[in-house]
Amino acid sequence: MAAIEEQPRNLNNPNYPITHIETPKNRRLSLTGLWFKDQQLKNAIFKLQQHQTTSHNVQRADVKTLILGDDLFSLISDENLEFILSKVPILQHVLLSLVCKRWYYVLGKFRRSICLLDWGFLVSGRFTGRFSGLSEVNLIPASFRSSLSSGIVFSHKIVKINVDAEFVSEGLLGKEGVLGVDLIGNGLKVIGNGCPNLRKLSLVNASEKGLGFVAECCVMLQELEVHCCEDMVLRSVSKFKNLQILKLSCCVEGLYESMVSDIGMTILAQGCRRLVKLELSGCEGSYDGIKAVGQCCQMLEELTVSRHRMDGGWLSALSFCGNLKTLRLQSCESIDVCPGPDEHLGSCPALEELHLERCQVRDKDSARALFLVCESVREISFRDCWGLEDDSFRYAAMCRRVKSISLEGCSLLTTEGLDSVVHNWKELEILKVVSCNSIKDSHITPELANLFSVLKELKWRPDSRCLLASSLAGTGVGKKGGRFFKRVVNMMDKRK
């Protein structure tokens, strides 16, 4: 037979006969076809391996065979398992931790913050064994003696516990309701050894030794909240060289009571020179303590004074806080009982925000001294302040650079008092008036109305009763059941 030589196809010639026909065998497989083909190959190899193992009966310790029912995740290293579980949403970590002990401990490494409820869990060693990557720890709820069998529930914004009647005397828990200093110190040693990357810590009734151990181990701690502390405990607090945010709470009504004076604040200021935010709650002291904080903590930008028991004249020490930008006064029965003469007050040149919440401002002299010290402020906020009358509020006109004013729950302030002050603020852009029942829409002057038209933001809800009446207009609510009784009378007439 003569050999037939296949000629190359001329693509430009349409009359050239097509001798090659595409068949299903040489057709390109789709993704589904590739998957089934790959699965068939794997099944064939798997059956071949099983057949060889059964026929030769070869058992080697270093060879792992695939048997249905084994834990396949045991073949994955801890690093790879952590990488896989890190992609799972945090809300599912609790369910996944119930799979096995290995997953239980691996998922515990992802936890960054925790609020401890049982002190025994901490001192047992299981706490740091499971949660080795913590950066925020709150020990406050576990620091109080709790009895689950008791029906007395003590609730506060920082803790909610069941207490025994023997721990409650005259409505105050006191030191009897808090764990002992030695027991707290043992727990702090566990925290120091097991949480070297700690960034935030909240605790109660700490000892100087226990807190000093945490300062040596957790050198990167930046935020600290200490309740029920004394002056000498602040010697350990001053050892946190990188501390930036500090809250000291010495007195909480009905819960505990302690004392921090000028001595403690001076010790604190000399050690914590990088403080940016400082909150003093229930602290005693005077001009000297605030002055030491202002001179040593030159990076301080925010100061919060809550329920203070300081002596008169402390306001004048704020002038030493050269970089202070925000001043907050909360739940203070008096601002300053004796502010002193005006020439000794000084001012805070960098101050931008002044916030007063639930404070007594009946004393006109202390209110005047406060606005003198804060004369460069740009934002003023009054919230639920008692005694803020027109005469006291007029001193706010000394702050010429105000851009924002917020008044909420100031029931004694009138429209006339507001009108007399806001016209002095040439840079005013934001005005918020909420639940100030003595400010009436009918008393708004044309000048005040013109000011409203040029503001960037206006929130005007002074009288809550008028707002409620306007929102219920036409609904029939508030008519003392008038519509209901009319319907009843009409029905009775029809029956007759």
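## A tour of the predicted model

Start by selecting helix 14, where T415, G417, L418, D419, V421 and V422 are buried. Here "buried" means under 20% relative accessible area, while "exposed" means over 50% and "partly exposed" lies in between, with a 1.4 Å probe and protein chains only. Helices (H or I, at least four residues) and strands (E, at least two) are DSSP runs, numbered from the N terminus.

Before moving on, two notes on what you are viewing. This is a predicted model, in which local features need pLDDT of at least 70 and side-chain atom pairs count only at pLDDT 80 or more, whereas totals for chains, interfaces and linings use all residues. Residues are numbered from 1 along each chain as its sequence is written, and side-chain values use heavy atoms, with hydrogens and water left out.

**Stop 1: around helix 14.** Helix 14 spans residues 415-422, and six of its eight residues are buried, so the helix is largely enclosed by the rest of the structure.

**Stop 2: helix 10.** Next, select residues 262-271, which form helix 10. Its buried residues are D262, G264, M265, L268, A269 and G271. Their cover includes helix 9 (234-237), strand 7 (245-249), strand 10 (277-281) and helix 11 (287-296).

**Stop 3: a pair of helices.** Now show helix 7 (residues 181-194) together with helix 8 (residues 208-217). Two packed helices are described by the angle between their axes and the distance between the axes. In this pair the angle is about 5 degrees and the axes are 8 Å apart. The axes are lines fitted to C-alpha atoms, for helices over the stretch in contact, and angles run from 0 to 180 degrees between N-to-C directions. To see the contact, pick G185, L188, K189, G192 and N193 on helix 7, then G210, L211, F213, V214 and C217 on helix 8. A contact means heavy atoms within 4.5 Å.

**Stop 4: V123.** Stay with this part of the view and select V123, in helix 5 (residues 119-123). Is V123 buried or partly exposed? At 39% relative accessibility, V123 counts as partly exposed. Leaving aside residues up to four places away in sequence, V123 touches G187 and V190. V123 and V190 are 67 residues apart in sequence, yet their C-alpha atoms are 6.7 Å apart in space.

**Stop 5: S381.** Jump to strand 14 (residues 379-383), where you will find S381. This serine is buried, with a relative accessible area of 14%. Not counting residues up to four places away in sequence, S381 touches L354, H355, L356 and S406.

**Stop 6: the cysteines.** How many disulfides does a search of the whole structure find? The search finds zero; a disulfide is a pair of cysteine sulfur atoms within 2.5 Å. Select C385: its sulfur is 5.2 Å from the closest cysteine sulfur, in C359, too far for a bond. C385 is buried, at 4% relative accessible area. For C251, the closest cysteine sulfur is in C250, 8.2 Å away and too far for a bond.

**Last stop: zoom out.** The whole protein has 17 helices and 17 strands. Of its 496 residues, 39% count as buried.
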